Amino acid sequence: MSPSIHVGYLPQRNKDNLQDSEFPFILVRPGVGEDQQDNSKVTIKLIFGAKAEDDEGFMDLLNTMEQIRIALLRKRIINNRFKLELPYKWEFFDEQPYPEWYGIATTVWTLPSIQEEVEGL
């Protein structure tokens, strides 16, 4: 099953989605941003979640994380605007709340430059 992708956090649970599984998922969560003289960068964390009642949960998570890593590294520029910088870092959490499995990738993106506007020029 393909993971659902959410910006920030998982959607709140309510009576309409209570029966739906949250797993597998990828959370796209902005972290730290920084503007400098020549460029701007932002750290984006990708939080992966999988669930399996058997011993395959670890491998399900690893496979999903690897598919995303390969896709991002193959095409490091998105919409001709956002460039993925290296290194691409990922890790599994040491403690896993079986039957749930979690991992995280930390990425840094260069953002388009903003042209300063000065009145009177």
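The legends below describe close-up views of a predicted model. Residues are numbered from 1 along each chain as its sequence is written, and side-chain values use heavy atoms, with hydrogens and water left out. Because the model is predicted, local features need pLDDT of at least 70 and side-chain atom pairs count only at pLDDT 80 or more, whereas totals for chains, interfaces and linings use all residues.

**View 1. An open sheet of 6 strands with mixed pairing.** The strand order is β1-β2-β3-β6-β5-β4. Helices (H or I, at least four residues) and strands (E, at least two) are DSSP runs, numbered from the N terminus; two strands pair if DSSP finds at least two bridges between them. The edge strands, β1 (4–7) and β4 (77–78), each pair on one side only. Helix α1 packs on the sheet and touches β2 (25–35), β3 (40–51), β4, β5 and β6 (100–111), contact meaning heavy atoms within 4.5 Å. The direction of α1 makes about 165° with that of β5; axes are lines fitted to C-alpha atoms, for helices over the stretch in contact, and angles run from 0 to 180 degrees between N-to-C directions.

View 2. I77 stands opposite K83 in β5.

**View 3. The largest pocket, with a volume of about 240 Å³.** On a 1 Å grid over the protein atoms alone, a pocket is an open set of points with protein on both sides within 12 Å along at least five of seven lines, whereas a cavity is a set of points where a 1.4 Å probe fits but cannot get out; lining residues have an atom within 4 Å of a point. Grid points are joined across faces, edges and corners, and a volume is the space filled by probe spheres set on the points. Of the 14 residues that line the largest pocket, V28, L46, L72, I78 and W109 are the closest to its centre. Strands β2, β3 and β6 and helix α1 are the elements that give two or more residues to this lining. By class, the lining has 13 nonpolar, 1 polar and no charged residues. Here Ala, Val, Leu, Ile, Met, Phe, Trp, Tyr, Cys and Pro count as nonpolar, Asp, Glu, Lys and Arg as charged, and the others, Gly among them, as polar.

**View 4. The second largest pocket, with a volume of about 160 Å³.** The lining is formed by D35, Q36, Q37, D38, N39 and S40, together with S113, I114, Q115 and E116. In class terms, this lining has 1 nonpolar, 6 polar and 3 charged residues.

**View 5. The largest cavity, lined by L62, M65, E66, R69 and W90.** A search of the whole structure finds 1 cavity of 30 Å³ or more. About 40 Å³ of space lies in the largest cavity. Helix α1 (residues 57–74) supplies the largest share of the lining, 4 residues. The lining has 3 nonpolar, no polar and 2 charged residues.

**View 6. The aromatic pair of F58 and F92.** Rings of Phe, Tyr and Trp (its six-membered ring) pair if their centres lie within 6.5 Å; planes under 30 degrees apart count as stacked, over 60 as edge-to-face and the rest as tilted. By this rule there are 7 aromatic pairs. The pair of F58 and F92 is tilted, at 5.1 Å centre to centre and 35° between the planes. F58 lies in helix α1 and F92 in strand β5, so this pair ties together parts that are 34 residues apart in sequence.

**View 7. Backbone features at P24, P87 and N79.** Most residues other than glycine have a negative phi, and most peptide bonds are trans. A cis peptide bond joins F23 and P24, with omega about -15°; P24 is placed in the loop between β1 and β2. Another cis peptide bond joins L86 and P87, with omega about 10°, and P87 is found in strand β5. N79 is not a glycine, yet has a positive phi of about 55°; the place of N79 is in the loop between β4 and β5.
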